[in-house]
Structures are given as C-alpha cells and as structure tokens.
Amino acid sequence: MIEIVVNGIRHRFDGDPATPLLWFLRDELGLVGTRFGCGAGLCGCCTVHVGNDAVRSCGIALSDINGAVTTIEGLGANGLHPLQRAWIEHAVPQCGYCQSGQLMQAAALLTAKPHPSDAEINEAMTGNLCRCGTYPRIHAAIKQAASAGSETSAKPPVTTPENARVR
Ligand code: FES
Ligand code: FES
C-alpha cells in the first residue's frame with residue numbers, strides 16, 4: 001500500500017508501487033492537467049512538484065516519492081498564482097499542451113530564486129520544450145511574476161505528508 005499526498009489530500013494506492021506518478025495522477029485521480037509528452041523525461045510536459053522541487057512525473061515511481069505532490073490543479077489553490085496571472089496577461093499559451101509543465105517548472109524556480117536573472121530563467125526552463133515556440137512570452141511572464149516581489153511568495157500553504165487531509 002502506497003500513501004501519497006497530492007494537492008493537500010492523502011490518497012492510498014494498492015496497485016503496483018512502480019507505477020509512474022504521471023499515470024497515477026491522470027488515471028487514478030483524474031488530474032489531467034499534467035500532460036504526457038515524451039514519457040522519457042525529455043520534454044517537461046509532465047512536470048509537477050514534489051515538495052518544492054520540479055519533478056518529471058513520467059519518470060518517478062510512486063514508491064520513490066518522498067514528499068507532498070503539487071500539480072497544476074493545486075498551484076493556485078488560494079486563487080491564481082502570480083505566474084498564472086502573468087501567463088494570462090502575456091497570453092503565453094498557443095496550443096497550450098506544454099503549459100502546465102512550464103508553469104510548474106517556473107513556479108519551482110521562483111520558490112528557489114524569487115528574483116532570477118535572465119540566465120537563471122533560461123537555465124531553469126531549458127528542459128521544458130514548447131513546439132509552438134512560446135519561449136519569449138514564457139520568459140517575459142516569469143520576469144513579470146518575479147517583479148511582483150513578495151506577491152510571488154503567495155503560494156498555497158505548503159502541504160506536508162503530516163498535515164494533509166485524508167480522502
Ligand atoms: S512526458 Fe515526462 S518529460 Fe516528457
Ligand atoms: S503552447 Fe503548444 S506546445 Fe507549448
């Protein structure tokens with residue numbers, strides 16, 4: 001039996017512990033905002049947070065998860081995250097397929113570095129691919145959210161395995 005906290009809710013799973021997190025999110029919990037792209041850790045579509053870290057959910061087994069998981073559905077649990085507001089203002093998405101992964105990667109960056117340089121943004125985002133080429137708008141939106149300063153830290157309260165609600 002695996003116990004896993006996703007967006008503040010504790011879940012139990014008695015299937016294969018080697019099941020990739022992405023499959024669990026989409027097929028078991030119906031959280032389809034996290035996307036399947038390459039399935040090989042190469043595109044960033046499936047990025048979620050484990051604790052404060054950006055993680056490729058296609059490449060991590062449930063048994064290897066050592067913290068609370070946040071998906072795009074939980075990013076703005078108390079209203080839109082500053083990045084989501086900036087994304088809207090800059091009309092970042094084109095087809096939209098990669099964008100939940102882009103947002104989760106960017107959110108992890110701003111948690112670690114609230115005021116990243118251009119080079120730090122480029123380095124953090126380099127593994128998140130966008131076939132539509134929205135990279136300039138992604139970069140601009142991250143800069144705007146970062147310039148919002150302390151507002152950027154208005155993340156939902158950190159959920160830990162201890163304070164999660166049980167479903
Ligand atoms: S689907 Fe996970 S990195 Fe591409
Ligand atoms: S917006 Fe289409 S793949 Fe990124």
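Let's start with E3, which sits in strand β1, the stretch covering residues 2–6. Keep in mind that this is a predicted model. Is E3 buried, exposed or something in between? It has 13 C-beta neighbours inside 10 Å, so it counts as partly exposed; the cut-off for exposed is 12 or fewer, and buried takes 20 or more. Leaving aside residues up to four places away in sequence, E3 touches R10 and R12.

Now zoom out to the whole chain. The protein chain has six helices and six strands. Reading along the sequence, you get β-β-α-β-β-β-α-α-α-α-α-β. Of the 167 residues in the chain, 40% are buried. As for how the chain folds back on itself, take the contacts with a separation of 6 or more: 66% of them join residues 24 or more positions apart.

One helix to look at is α4, running over residues 99–112. From its first C-alpha to its last, this 14-residue helix reaches 20 Å, close to the 20 Å expected at 1.5 Å a residue. How many of the residues in α4 are buried? Twelve of the 14 are, and the helix is mostly covered. The buried ones include Q99, S100 and G101 at one end of the list and A108, L109 and L110 at the other.

In general, a pair of packed helices is described by the angle between their axes and the distance between the axes. For α3 and α4, the angle is about 130 degrees and the axes are 10 Å apart. That angle makes α3 oblique to α4, because angles have to be over 145 degrees to count as roughly antiparallel and 65 to 115 to count as roughly perpendicular. The crossing of α3 past α4 is right-handed. On the α3 side, the contact is made by L83, Q84 and W87, and on the α4 side by L103, A106, A107 and L110. Sorted by class, the residues in this contact are six nonpolar, one polar and no charged.

The spacing of such residues has a simple background: an α-helix has 3.6 residues a turn, so residues three or four places apart point the same way.

Key:
Residues are numbered from 1 along each chain as its sequence is written. Chains are lettered from A and ligands numbered from 1 in the order in which they are written. This is a predicted model: local features need pLDDT of at least 70, side-chain atom pairs count only at pLDDT 80 or more; totals for chains, interfaces and linings use all residues. Helices (H or I, at least four residues) and strands (E, at least two) are DSSP runs, numbered from the N terminus. Two residues are in contact if their C-beta atoms, placed from the backbone, lie within 7 Å. The expected span of a helix is 1.5 Å times one less than its number of residues. Axes are lines fitted to C-alpha atoms, for helices over the stretch in contact, and angles run from 0 to 180 degrees between N-to-C directions. Angles under 35 degrees count as roughly parallel, over 145 as roughly antiparallel, 65 to 115 as roughly perpendicular and the rest as oblique. A crossing is left-handed if the near helix is turned anticlockwise from the far one by less than a right angle, and right-handed if clockwise. Ala, Val, Leu, Ile, Met, Phe, Trp, Tyr, Cys and Pro count as nonpolar, Asp, Glu, Lys and Arg as charged, and the others, Gly among them, as polar.
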